[in-house]
Amino acid sequence: MPSLAICVLFILVLFPNYDIDAQQTSLTSANRSLDPRFLNWLNSLFFLPPEGELRVRKEYRMLTDAERNNFHNSIRLLKQDTSVPPNKFDALASLHHLNTALSAHGGPNFLGWHRVYLVLFENAMREKVANVTIPYWDNTIEEGLQSPRQSILFSPLFMGTANGQVTQGPFSFWSTPFGPLGRDVGNDRRLMNPNDISAIMSQTIIADITNPNAPDATNIEELHNDVHVYLGQQMSRIESASYDPLFYIHHAFIDYLWEDFRTNQRMRGLDPARDYPRIVGEQTHQPLASMGLGRLLVIDGINDIFTRRIYRYERRPTCIPNSNNCGSQYLRCDWSRQRCVPLIMNQNSPTAMAQTGPVVQRLPWWSRQGGATTFGNGQFVFG
Ligand SMILES: [Cu+2]
């Protein structure tokens, strides 16, 4: 059904003040009490951009410094904008558990739901800084380090503090409904490795890579869960994860992998816009169930329109012959394994980086503080 999402999106454009509440499945009573200012604003985020160039989503380290600062600023401006209570960033973050925790996770709608969610978030970012796009975080790059928490990713230039309260970087001293923003990188589960990616890409249909059918080795939701838990604190639980900006770049990579998978499907003569499993597990993942985002249905999530009309992905960084930096001043090529790895932080100065030489194990420069105590009693967990 190639035009369903188009129709839905245009209905939303034509009738922007429709009552989103009436369309939501009432999974929680909190859903019915969404603030009207939030509903109005949320409705305005459902639109198809005019035909033209697609937004380009790049690997986080492949952004220019100006692009990266724009990305950070757009998020900070959403957090500062209290015209929607408590602020626009937190209001959008709340959608990840209020309305949709059950339809967004634990089944094949996992991929489509998060795809739509990212587009809404990206539309919100662009209200603040024109033409910004969400970068994706290829976490296999950090996986190539012995100690991923030392990566430049957790320096003040990028996402900030890896362990303890985030006190460095663009999101330092952020508060969330789940306590101060914090991380606990590297104490549980794992990041994804190149074999995980190959295993996913070797599969044929969406049922091979999603719950309830996929085995762990090719289950993209399970592999993504491991990354959430690996990052710790807010990121480790469904209800709090979207309050950490890391959430959006992590999910953009999952979406990148799914888009690669869809491209493979087309090359094999399959139509990804018709690939939705018959056996879906929970009823909330049925194709004609509400997605819980505007008037979209679960089946709209597999429509091609998102990557035909809205965005595309730039390829992941790879080792470049006759170069050592993988195309980014923040990455280098480990030629012995043919893998791009991030620069690591200098122990004595968080902003300085170890520029050359092999990746050396060093003691982290941050002090451990805080803990996971805020996260003991949540309802939803990343299995
Ligand atoms: Cu999620």
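**Notebook: helix packing and backbone geometry**

I began with helices α5 and α7, whose axes lie 11 Å apart and which pack at an angle of about 175°. The model I am reading is a predicted one. I noted that α5 and α7 are therefore roughly antiparallel to each other, since an angle over 145 degrees counts as such. I then looked up the residues on either side: α5 contributes K88, L92 and L95, and these meet Y117, L120, F121 and A124 of α7. Sorted by class, the contact of α5 with α7 has six nonpolar residues, one charged residue and no polar ones.

**Helices α10 and α12**

I turned next to α10, residues 220-231, and α12, residues 246-267. Their axes come within 11 Å and cross at roughly 155°. I recorded α10 and α12 as roughly antiparallel to each other, therefore. The crossing of α10 and α12 is right-handed. From α10, I listed I220, H224, V227 and L231 as making the contact; from α12, I listed L246, H250, I254 and L257. By class, I recorded six nonpolar and two polar residues in the contact of α10 with α12, and no charged residues.

**Helices α9 and α12**

I also checked α12 against α9. The axes of α9 and α12 come within 10 Å, and the crossing angle is roughly 40°. That makes α9 oblique to α12. I noted a right-handed crossing for α9 and α12. In α9, I197, I200 and M201 meet L257, D260, F261 and N264 of α12. I recorded the classes for the contact of α9 with α12 as five nonpolar, one polar and one charged. L257 of α12 is listed in the contact with α10 and in the contact with α9.

**Annotated spans**

I consulted UniProt, where an unreviewed entry lists residues 105-122 and 244-255 for "domain: Tyrosinase copper-binding". For residues 105-122, I found the end C-alpha atoms 21 Å apart, with 78% of the span in helix and 0% in strand. For residues 244-255, the end C-alpha atoms lie 18 Å apart, and the span is 83% helix and 0% strand.

**Backbone exceptions**

I kept in mind that most peptide bonds are trans and that most residues other than glycine have a negative phi. I found a cis peptide bond joining P85 and P86, with omega of about -10°. P86 is in the loop between α4 (65-80) and α5 (88-98). I found that the peptide bond from N211 to P212 is also cis, with omega near 0°. I located P212 in the loop between α9 (194-201) and α10. For N131, a residue other than glycine, I recorded a positive phi, near 70°. N131 belongs to the loop between α7 (109-128) and α8 (139-143).

**Confidence**

The chain averages a pLDDT of 85, and 81% of the residues score at least 70. I marked residues 10-31, over which pLDDT stays under 50; the model has 34 contacts beyond four places in sequence for them. I marked residues 354-380 as well: pLDDT stays under 50 there, and the model has 47 contacts beyond four places in sequence for this span. Where pLDDT is low, the predicted coordinates should not be read in detail.

Notes
Residues numbered from 1 in each chain as written. Predicted model: local features only at pLDDT ≥ 70, side-chain atom pairs only at ≥ 80, totals over all residues. Axes fitted to C-alpha atoms, helices over the stretch in contact; angles between N-to-C directions. Helix = DSSP H or I, 4+ residues; strand = E, 2+ residues; numbered from the N terminus. Parallel < 35°, antiparallel > 145°, perpendicular 65-115°, else oblique. Left-handed = near helix turned anticlockwise from the far one by under 90°. Contact = placed C-beta atoms within 7 Å. Nonpolar A, V, L, I, M, F, W, Y, C, P; charged D, E, K, R; others polar. UniProt positions renumbered as here; feature names shortened; annotations may be inferred. pLDDT = per-residue confidence, 0-100.
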